[in-house]
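Work through the exercises below with the structure open. Each task is followed by its solution.

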Amino acid sequence: MSAAANAPRRPAVPSTTEPPWVRRTLIGIALLFLTLFLFVPLAAVFVEALKKGLQVYWAAITEPDALSAIKLTLLAAFIAVPLNLVFGIAAAWSIAKFDFRGKNVLLTLIDLPFSVSPVIAGLIYVLVFGLQGWFGEWLRDHDLKVIFALPGIVVATVFITFPFVARELIPLMQAQGTEQEEAARVLGAGGWQMFWRVTLPNVKWALLYGVILCNARAMGEFGAVSVVSGHIRGQTNTMPLHIEILYNEYQFAAAFAVASLLAGLALVTLLVKFLVERRIQQSTITV
């Protein structure tokens, strides 16, 4: 055995010098905050949803308008997330691997949905694609409908959610640099070979993490979708919009039933997010 192995181990040095009561107080404050503003309201949603029994709950989520809202929410996310996946990979690869004029401008534009109100985003698309908008007359002449239809909901959802994938990939790709791609190029690999065999395997967990966040926001988006949807019951209402209508009509049991379904989807998303985070940490430790 080596001398290093036989050497006595030094006692672990604490990472902080604060007394234990400070750490316990901070942890207690955090848990109290989470309990009051997260756990209790979330539990209340499920309690209220099941308050009148399973029969009422099942009737609320299988009612035709509710089923239409569920299908539209999933369809909008199903379309918007892959579009943002393609955009996020392209934007991150361009920013991290190449130097070009306007690079900082592109970074700023990616963060635009974080600083612009979703309602304003919806109004922008109404101005562009509405009947009185820039392309409204052309769309009407060609019998195409964007606002108050699925395309408008998808476009608004894409705008609100497009930073999530890109923002997860850009820092990682920048940290990795271009050495591996350059080595692959020297060995004769083409552009697609470098992407599939070098770039993508290195960012796959961050990519999955970004897709999860993007999907969660897409399903829960309210402001922008509310503006462009027109609130047509059974046609253009997503789950958040359907919940609002039920609540305003004092159908509290139905509103909380649909809300519990949306909350359940969010919890599943958080579980997947947690598993991906653990996998990322394990990969980092292994490396």
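At 30% relative accessibility, His231 counts as partly exposed, because that class lies between buried (under 20% relative accessible area) and exposed (over 50%), with a 1.4 Å probe and protein chains only. The model is predicted, with local features needing pLDDT of at least 70 and side-chain atom pairs pLDDT 80 or more, while totals for chains, interfaces and linings use all residues. Residues are numbered from 1 along each chain as its sequence is written, and side-chain values use heavy atoms, leaving out hydrogens and water.

**Exercise 1.** Locate His231 and state its phi.

Step 1: His231 sits in the loop between α13 (223–229) and α14 (239–248); helices are DSSP runs of H or I, at least four residues, and strands of E, at least two, numbered from the N terminus.
Step 2: its phi is positive, about 55°, although His231 is not a glycine.
Step 3: most residues other than glycine have a negative phi.

**Exercise 2.** Classify the ring pair of Phe87 and Phe162.

Step 1: the structure holds 9 aromatic pairs, where rings of Phe, Tyr and Trp (its six-membered ring) pair if their centres lie within 6.5 Å.
Step 2: for Phe87 and Phe162 the centres are 5.2 Å apart and the planes at 80°, so the pair is edge-to-face; planes over 60 degrees apart count as such, under 30 as stacked and the rest as tilted.
Step 3: Phe87 lies in helix α4 (residues 64–97) and Phe162 in the loop between α9 (150–161) and α10 (163–176), so the pair ties together parts 75 residues apart in sequence.
Step 4: Phe87 is partly exposed at 32% relative accessibility, whereas Phe162, at 13%, is buried.
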